[in-house]
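Reader: Hi! I'm new to looking at protein structures. Could you walk me through this one?
Author: Happy to, let's have a look together.

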Amino acid sequence: MISKLHYISQGNTTKEHLENIQKACTCGAELVQLRLKNLSEKKILKTAEEAREITGHFQTRLIINDYYKIAKKIKADGVHLGKIDVCPTIARKHLETWQVIGGTANTLEDCEALIGKKVNYIGLGPFRFTTTKDNLSPILGINGYLTILEALQTETPIIAIGGIIIEDIPSILKTGIHGIAVSGDITKDFNKIRQFNKLLNSPSEQEQVWHPNQKI
């Protein structure tokens, strides 16, 4: 079962990413995605190992953005692949059967291609303008989700992404979307995770307990 709330890590440094992942886990996040850009693979591997240690204590699922070989090495719960990353069918050959693969989509055609490649979920967006991603694809909005989901009629979970704030949830859910991915709105206030979980009817509404003797 794909989680309904995905927290995508933010931070100006790897330390900030790890601190934010810890905060997200503490506040009840079911799934976090480690998203690091413009760093060496060695640095990303080290950070991913530390993120796996943190999420493991909370039984929180960890998804690695882009780097499927790192996801396999640290036994992450899966990988999320962008439109210009490796093909999901190639990544699947390297990953364990229990590791999930998500893919990024912006159009109906993108979604159909990913479904054909048997991804476990699709991150469809952007919902609105967001500064967290360069070379942003065309904005979808509510009407975009309605149109694409009606045409797809798929059982593959669709996750809305892109500048989403908590006030958007009721209208987004009416489109038939499975869940949402959030970065900025949660990073500003991790206590919102419980509100997001409640609105999404997510099973993870209880705060986790962090062991203070565990270091980032």
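**Two helices and two residues**

Author: Helix α1 passes helix α2 in a right-handed crossing. Keep in mind that this is a predicted model.

Reader: Okay! At what angle do α1 and α2 pack, and how far apart are their axes?
Author: α1 covers residues 14-26 and α2 covers residues 41-58; they pack at about 15 degrees, with axes 10 Å apart. Angles under 35 degrees count as roughly parallel, so α1 is roughly parallel to α2.

Reader: Nice. Which residues meet there?
Author: From α1 you have T14, L18, I21, Q22, C25 and T26. On the α2 side they meet K43, T47, E50, A51, I54, T55 and F58. Sorted by class, this contact has 6 nonpolar, 5 polar and 2 charged residues.

Reader: New topic: where does T60 lie?
Author: T60 is in the loop between α2 and β3, the strand at 61-65.

Reader: Is T60 buried or exposed?
Author: Buried, because its relative accessibility is 2% and the cut-off for buried is under 20%.

Reader: And what does the T60 side chain reach?
Author: The backbone oxygen of A29, at 3.2 Å. Beyond its neighbours within four places in sequence, T60 is in contact with several residues, including C25, E30, R52 and D77.

Reader: What does S202 touch?
Author: Leaving out residues up to four places away in sequence, S202 touches E30 and N197. S202 and K4 are 198 residues apart in sequence, yet 6.3 Å apart in space, C-alpha to C-alpha.

Technical notes: Residues are numbered from 1 along each chain as its sequence is written. This is a predicted model: local features need pLDDT of at least 70, side-chain atom pairs count only at pLDDT 80 or more; totals for chains, interfaces and linings use all residues. Side-chain values use heavy atoms; hydrogens and water are left out. Axes are lines fitted to C-alpha atoms, for helices over the stretch in contact, and angles run from 0 to 180 degrees between N-to-C directions. Helices (H or I, at least four residues) and strands (E, at least two) are DSSP runs, numbered from the N terminus. Angles under 35 degrees count as roughly parallel, over 145 as roughly antiparallel, 65 to 115 as roughly perpendicular and the rest as oblique. A crossing is left-handed if the near helix is turned anticlockwise from the far one by less than a right angle, and right-handed if clockwise. Contact means heavy atoms within 4.5 Å. Ala, Val, Leu, Ile, Met, Phe, Trp, Tyr, Cys and Pro count as nonpolar, Asp, Glu, Lys and Arg as charged, and the others, Gly among them, as polar. Buried means under 20% relative accessible area, exposed over 50%, partly exposed in between (1.4 Å probe, protein chains only). A polar contact is a pair of N or O atoms within 3.5 Å; within protein, one must be able to donate a hydrogen and the other to accept it, and residues adjacent in sequence count only if both atoms are side-chain atoms.
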